[in-house]
Amino acid sequence: MSVSSEQEEQAESSQNVTAELRELNVADVVPNDRNPRLDFPQDELDRLTDSIDLEGVLVPIVVYPKDGKYVLVDGERRFRCARDLGHVKIPALITTERSDREVLQQMFNIHLIREPWRDIPTAKALQRLAEEIKESEGRDPNDNELRDLTGLSIERVRQLRYVVTLPDEWQDYIREETIPLNFFWELKKNVIDALRNNRPAILDQYGQERVSSAFVQKRLDQVITDTVSLRKVSPIIKFAAQDAASNGTGESALDTSIRDLIEKPEATIDDAYEETVQMMVEVDKLGRRTSTMVAVFARLLTQTAGTPDYEEVRRLGRELITQVTALIDANEQRG
């Protein structure tokens, strides 16, 4: 059996609330001015309108009574399409009147089951939920509480709470999909936080706004073309801190590369990474992998003692030693 566009858009929306199913006058239904879905792409509305024109509204909208009208909790796209098609009636589940906080929580739960909201609408909704809790209880909710109330992951909650602190222009970049939310989150973790924790003097020198703006502009200019490359900045900062601590001067030659990334619009992360710490990062990874491999061999030798597999583990260990020794000897001879 085929699934209609409306059915794809709806799925489960009752959320186990006590509700009365009725046909309401479309004129008696009003949109929820706190609906986190700020954007209603026209192509989605057109697709849904075609489906409703053909089959009607198959799944009821969800509303609650207020001031003689019925306020939408779920189904604004269905409502808009039915209204624009000239429908007089619309099926609705009428729930009890609830607080703004309860409505926001129900909206989050409904949309987690179905199509997620876009980043900025979700961030604004989360901010409003936090404000509702602060107003009603006189305290700021923590990330774990918001996770439990909304069903979002803790990482998603932290990202969204950070997004609303960004300049409006940058939020518009996210809304318009010019720059993804993850870019700003990786920028925070791998540049701003990394500088604050390891090279605070550089962050103080330029200021967080200038540092962030430099990387955002690189993204707009396509000097940075992907978000993952930002993760290469944090090891440069980390090794600069280690170098400064070891030489006793408080300065590192790697600081020049960090400053170039901030000051020079054309300076690329990949070039800075390759010219400074790429080999050190690889060596660091090799050290961790070697330690892990030794621990694995120790565990297997203990677990296989007295079994036929014991000799195989010993053979593999000796073979690895032989191969690594041969590589080292060959390299020394070439040197």
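A residue counts as buried when its relative accessible area is under 20%, exposed when it is over 50%, and partly exposed in between (1.4 Å probe, protein chains only). Take E145: at 19% relative accessibility, it counts as buried. This is a predicted model, where local features need pLDDT of at least 70 and side-chain atom pairs count only at pLDDT 80 or more, while totals for chains, interfaces and linings use all residues. Residues are numbered from 1 along each chain as its sequence is written, and side-chain values use heavy atoms, with hydrogens and water left out.

**The big picture**

- The protein has 16 helices and five strands; helices (H or I, at least four residues) and strands (E, at least two) are DSSP runs, numbered from the N terminus.
- Of its 335 residues, 41% are buried.
- Its accessible surface is about 18,600 Å², and carbon and sulfur atoms hold 49% of that; the areas come from the Shrake-Rupley method with a 1.4 Å probe, and for residues only the protein chains shown count as cover.
- Contact here means heavy atoms within 4.5 Å. Among contacts between residues at least 6 apart in sequence, 71% join residues at least 24 apart.

- The predictor's confidence in each residue is pLDDT, on a scale from 0 to 100; its mean for the protein is 85, and 87% of the residues reach 70 or more.
- Over residues 1-17 pLDDT stays under 50, and the model has 45 contacts beyond four places in sequence for them.
- Where pLDDT is low, the predicted coordinates should not be read in detail.

**Strands around β4**

- Five of the six residues of β4 (residues 69-74) are buried, so this strand is largely enclosed by the rest of the structure.
- Strands count as paired if DSSP finds at least two bridges between them. With β2 (residues 29-30), β4 pairs in the parallel sense over two bridges, and V30 stands opposite V71.
- With β3 (residues 61-66), β4 runs antiparallel, joined by five bridges; here V63 has L72 as its bridge partner.
- The hairpin of β3 and β4 has two residues between the strands, and D67 takes a positive phi near 55°.

**Helix α12 and what covers it**

- Helix α12 (residues 233-247) has 15 residues and reaches 21 Å from first C-alpha to last, close to the 21 Å expected; that expected span is 1.5 Å times one less than the number of residues.
- Its buried residues include V233, P235, I237, F239 and A244.
- Their cover includes α9 (181-198), α11 (208-220), α13 (255-263), α14 (269-276) and α15 (278-304).
- Just after α12, G248 takes a positive phi of about 75°.

**Nonpolar cores**

- A nonpolar core is a set of buried Ala, Val, Leu, Ile, Met, Phe, Trp, Tyr and Cys residues joined through side-chain atoms within 4.5 Å.
- The largest one has 55 residues, and F184, V211 and F215 have the most contacts inside it. Helix α9 gives the largest share of this core, nine residues.
- A second, separate core has 17 residues, among them V26, L45, F79 and A82.
- Leaving aside neighbours within four places in sequence, V211 is in contact with V191, I192, L195, L203, Y206 and I262.

**Back to E145**

- E145 lies in helix α6 (residues 143-150).
- Beyond its neighbours within four places in sequence, E145 is in contact with I133 and R139.
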